[in-house]
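My notes are set down in the order in which I looked.

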Amino acid sequence: MDPLLRSLRPVVRSALSSLAGVGLALVLAVTPAVAQETAGVQVRKPRLMLVPEATVNQTSAQQYAQLMKQAAAKGVLNRPPEAVERLRAVATRLIPQGSRFSAEAKGWRWEVNVIDANSVNAFCMPGGKIAFFYGILSKLQLDDDEVAAIMGHEVSHALLEHARERMGKTTATRLGVELGAAIFGLGNAGRMVGDLGSQLLTLKFSRDDESEADSLGLILAAKAGYNPRAGVTLWQKMLQASKGAPPQWLSTHPSGEARIREIESRLPGVQPIYAAAQKPPQKFGPPPKDSSSGTG
């Protein structure tokens, strides 16, 4: 794990202690939903949403702010500047496409930042908090279409509320024990919320979650004018990079030839979307391999 992420753990637990009052309210936050198919993505319903959306987004914002603060203190936040410009240009085109899928996303306070560290990692936390580690750009030599494939995938996890769902399922497995302890004075109710919050940066999604995020991510990238075929070349690069020690981003995402074939099977349905989309007025080339500061 990257030192920045490792050092964040105690900060996360401290920030979440203020949320201990959520307690029994978690039980009341189950969100029933009907099956739906949006933009060609079959969304699995119903989902177990034990944690209120506002709580997840607030916790996410706190964690993200702490991570950015630490990166700034280490002098690695939003550098190199050309990488920041590039990612925000992609995000400016891609984020509005996601807002078409999720009405809630229109009200999110989206952020896009770069951390100059060697980690091959990127994420979008609930509420639209996006971060790329420079290593994923430089080591994989990503073009803009591949950047959009990663960003579309990660943004899709947030739009589909996969983190909130996974947190709810974790809660359900131990809810009786934790709440019983709190009711009878045998434990700390805040521990449950703290444990849930600590998952946000290390959460591993299910194979179904990943498949949904791949599918919606291709659509978001295509609508934004980025070639969805980059999803194939991206995973080819990830597989090549995984020889030896797997990159951190790859380690939390199921991969392999089967996944590439799954993406390829979706391309015929997505290519017409890309053909009809307005293309970016400017594209940035891959960064030089040796321009990272080598931190992390």
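Entry 1. I am working from a predicted model. I searched the whole structure for cavities of 30 Å³ or more and found three.

Entry 2. I took the largest cavity to begin with, and its volume came out at about 90 Å³. I listed 12 residues in its lining, of which Ala149, His153, Asp214, Leu218 and Trp235 are the closest to its centre. By class, I counted eight nonpolar residues, three polar and one charged in this lining. I then asked which helices each supply at least two residues to the lining of the largest cavity, and these are helix 5 (144-159), helix 8 and helix 9 (230-241). Helix 8 contributes the largest share, four residues.

Entry 3. Just after helix 8, I found Gly225 with a positive phi of about 95°.

Entry 4. I turned to the second largest cavity, which holds about 70 Å³ of space. Its lining includes Glu53, Trp108, His157, Glu161 and Arg164, and I sorted the lining by class into five nonpolar, three polar and three charged residues. Helix 2 (53-73), helix 5 and helix 6 (162-183) each supply at least two residues here, and helix 2 gives the most, with three.

Terms used:
Residues numbered from 1 in each chain as written. Predicted model: local features only at pLDDT ≥ 70, side-chain atom pairs only at ≥ 80, totals over all residues. Heavy atoms only, no water. 1 Å grid on protein atoms, 1.4 Å probe; cavity = no way out; pocket = protein on both sides within 12 Å on 5 of 7 lines; lining within 4 Å. Points joined across faces, edges and corners; volume = space filled by probe spheres on them. Nonpolar A, V, L, I, M, F, W, Y, C, P; charged D, E, K, R; others polar.
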